[in-house]
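This briefing goes through a two-chain model topic by topic, for a reader who has the sequence and coordinates at hand.

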Amino acid sequence: MTLTQPSLTAVESAPSRANAAGRRLRNRLGATGLVALCWIALMIGCAALAPVIAPHDPNAQDLLHVYAAPGGDHLLGTDGTGRDILSRLIWGARTSLVGPALVVLLSLVVGLPLALAAAWRGGWLDAVVGRFLDIVFSLPAILVAVLAVAVFRPGPAPAILALAVAYLPYVARVARSAALRQRAMPYVAALTVQGHGGVAICARHLLPNITPVVGAQIPIAFANALMDLAALSFLGLAVQSPQADWGVLVNDAQAVLQGHSSQVVYAGVLIIATVVALMLIGDRLGGDIRRRRVRRAPQPTGRTP
Amino acid sequence: MTAAPVVDVHELRKVYRTGTSGPLGPRRNEFVAVAGATFQVAAGECLGIVGESGSGKSTTARMLAGLERPTAGTISVLGTDRSRPARRAAERHLRGGQLQMVFQDPYTSLDPRQTARDTIDETLRLHTRLSRAERADRVSEIAASVGLDQRQAHALPAGLSGGQRQRVAIARALAADPRVIVLDEAVSALDVSIQAQILNLLADIRDATGVAYLFITHDLAVVRHMADRVLVLKEGHIVEQGPTAKVLDHPEHPYTQRLRESVPARGTP
């Protein structure tokens, strides 16, 4: 029965494992997905290295050179107070990406334990968590954020916290349904018979097994949060001018849309391209999981009750 | 059956209630899966439980393993009552060390993200106080005892065949050093040739460790090969029990006779 293949060594070496991981990623994302991933990597690079690569101070005004044309010292020109647009876009990547990252991180930190507890315990806890998530899901994220800003104060912190609450269902509903599917697997029953506790089984077995499904959801939640935060910043409710943020940049230049539209276009293109790239990655990851599930689905089990 | 039994089941009963709310108030549908089963398993014995689908075999197994809660009756393993769910961690560990279970489908009864070695090691971490190095030795020992080679021991379940996976599941059960192993259709999902290998492995393990088996199957040929005594379940009732040869060769209950006749005999087309 043991069809041992001599070519397979017992322990793969580290580089070959890394290559295998890279190959898997390529297979999962496809060509367009890889382009999207490169774009996101570029944006993250800009955000991380903003102090190094930005040619000018993003907030330095130069009233002698307002609305300078692109080229020369200012690659993308300057805005109405003579600030370098390219530098503001690069610094804007920071606030525009850190905000959604915090939203997703917070909703993961709260949502995953909630979802696992609900799936593990079932019964009333699952019912309460499920209804709660449904109610939050029915509230538009922007509305929650606007309410929070109205109650507290305009600024990034209240907006991010409010969006984290509003995005809780995006993560938790998917995690809960994936965890429920895993919980019904016999390997979980086997672990229970072994004598492992619920917390240990959830942390060591359920969590790693729902990671691919939840992971596919993260880019999509990130993209939506980016869009919502940019919209809130545009409305002046999250990041405040003069701090550079893509949403703020669109708002700053909208008064001069006729005549000096370039800043609106640049910032808008960055928002759209980043959101589309994230959506694409999420879609590819999710589609890959669905395909694999379909392939694995027909399994003959002659289980008797 | 002279020594104290390792498993003592008395009047075990499981009723599933499927309550639906109709227009005239709640309607109760009751399904009796196990209707008062009483049996014992002696130390080192292999008790076969046979019956058709829906006869309550698996429900009995799951109740013994603590995966289902009995509606009535008592289950005692090595003198410890387990009719109620374990309340404390120490109680869970104790029960896990007494009785282990091997499931039918080796494709879903292993964590797909855990290698065979890690699976065995996790059980050892829970049930022994061995150091990391001692555990590594013990893992190799257990893996070898169920016939897993080096590559297979380091492989994820996806890289193993059904028979190899079932060996991992058996190794995982053995790692807890139990006195009883419940085998719920443990070879039913395997090819016939692999079945024979796993059955021989189980027989060898019993000889070496003196563990008792509760062997649940619908396959009478398998029961004849493995079990010392056999118990026939029909619709949750025990209709017949006794030594395997006697029950299978000279069945008293018409149901056992029908079960036996439904198996194609050797040599007949």
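L78(B) counts as partly exposed, because 19 C-beta neighbours lie inside 10 Å and a residue is called buried only from 20 or more. The phi angle of L78(B) is near 50 degrees, a positive value in a residue other than glycine, and the residue lies in the loop between strand 4 (72-77) and strand 5 (80-81) of chain B. These values, like those that follow, come from a predicted model.

**Backbone features elsewhere**

- In chain A, Y67(A) likewise has a positive phi, near 50 degrees, in a residue other than glycine, and Y67(A) is placed in the loop between helix 2 (50-53) and helix 3 (85-121) of chain A.
- Y67(A) is partly exposed, because 15 other C-beta atoms lie within 10 Å and a residue with that setting falls between the limits of 12 or fewer for exposed and 20 or more for buried.
- The peptide bond that joins S241(A) and P242(A) is cis, with omega of about 15 degrees, and P242(A) is found in the loop between helix 8 and helix 9 (246-254) of chain A.

**The sheet of chain B**

- Six strands of chain B form an open sheet in the order 6-7-8-3-9-10, and the pairing within this sheet is mixed.
- Strand 6 (99-102) and strand 10 of chain B stand at the edges, each with a single partner strand, so one side of each has no neighbour in the sheet.
- From one strand to the next, the twist averages 15 degrees.
- Strand 3 (residues 46-50) of chain B pairs in the parallel sense with strand 8 (residues 212-216) of chain B over four bridges, and within strand 8 of chain B the bridge partner of L47(B) is L214(B).
- Strand 3 of chain B also pairs in the parallel sense with strand 9 of chain B, over four bridges, where V50(B) has V232(B) as its bridge partner.

**Helix 1 of chain B**

- Helix 1 (residues 57-65) of chain B is mostly covered, since nine of its nine residues are buried; among them are K57(B), R62(B), M63(B) and L64(B).
- Just after helix 1 of chain B, G66(B) takes a positive phi of about 85 degrees.

**The nonpolar core**

- The largest nonpolar core has 154 residues, and those with the most contacts inside it are L163(A), Y167(A), V171(A), V180(B), L214(B) and F215(B).
- Helix 8 of chain A gives the most to this core, with 19 residues.
- Leaving aside neighbours within four places in sequence, L163(A) is in contact with V103(A), A141(A), A145(A), A225(A), D228(A) and L229(A).

**Where chain A touches chain B**

- The contact between the chains involves 26 residues of chain A and 42 residues of chain B.
- On the side of chain A that touches chain B, the elements that give two or more residues are helix 7 (186-194) and helix 8 (198-234) of chain A, and the largest share, seven residues, comes from helix 7 of chain A.
- By class, this side of chain A has 12 nonpolar, 13 polar and one charged residues.

**Record annotation of chain A**

- An unreviewed UniProt entry carries the annotation "domain: ABC transmembrane type-1" for residues 93-282 of chain A.
- In the model, residues 93-282 of chain A are 84% helix and 0% strand, and the end C-alpha atoms of this span lie 20 Å apart.

Terms used: Residues are numbered from 1 along each chain as its sequence is written. Chains are lettered from A and ligands numbered from 1 in the order in which they are written. This is a predicted model: local features need pLDDT of at least 70, side-chain atom pairs count only at pLDDT 80 or more; totals for chains, interfaces and linings use all residues. Two residues are in contact if their C-beta atoms, placed from the backbone, lie within 7 Å. Ala, Val, Leu, Ile, Met, Phe, Trp, Tyr, Cys and Pro count as nonpolar, Asp, Glu, Lys and Arg as charged, and the others, Gly among them, as polar. Two strands pair if DSSP finds at least two bridges between them. UniProt positions are given in the numbering used here, feature names are shortened, and annotations may be inferred rather than shown by experiment. A nonpolar core is a set of buried Ala, Val, Leu, Ile, Met, Phe, Trp, Tyr and Cys residues joined through C-beta atoms within 7 Å. Axes are lines fitted to C-alpha atoms, for helices over the stretch in contact, and angles run from 0 to 180 degrees between N-to-C directions.
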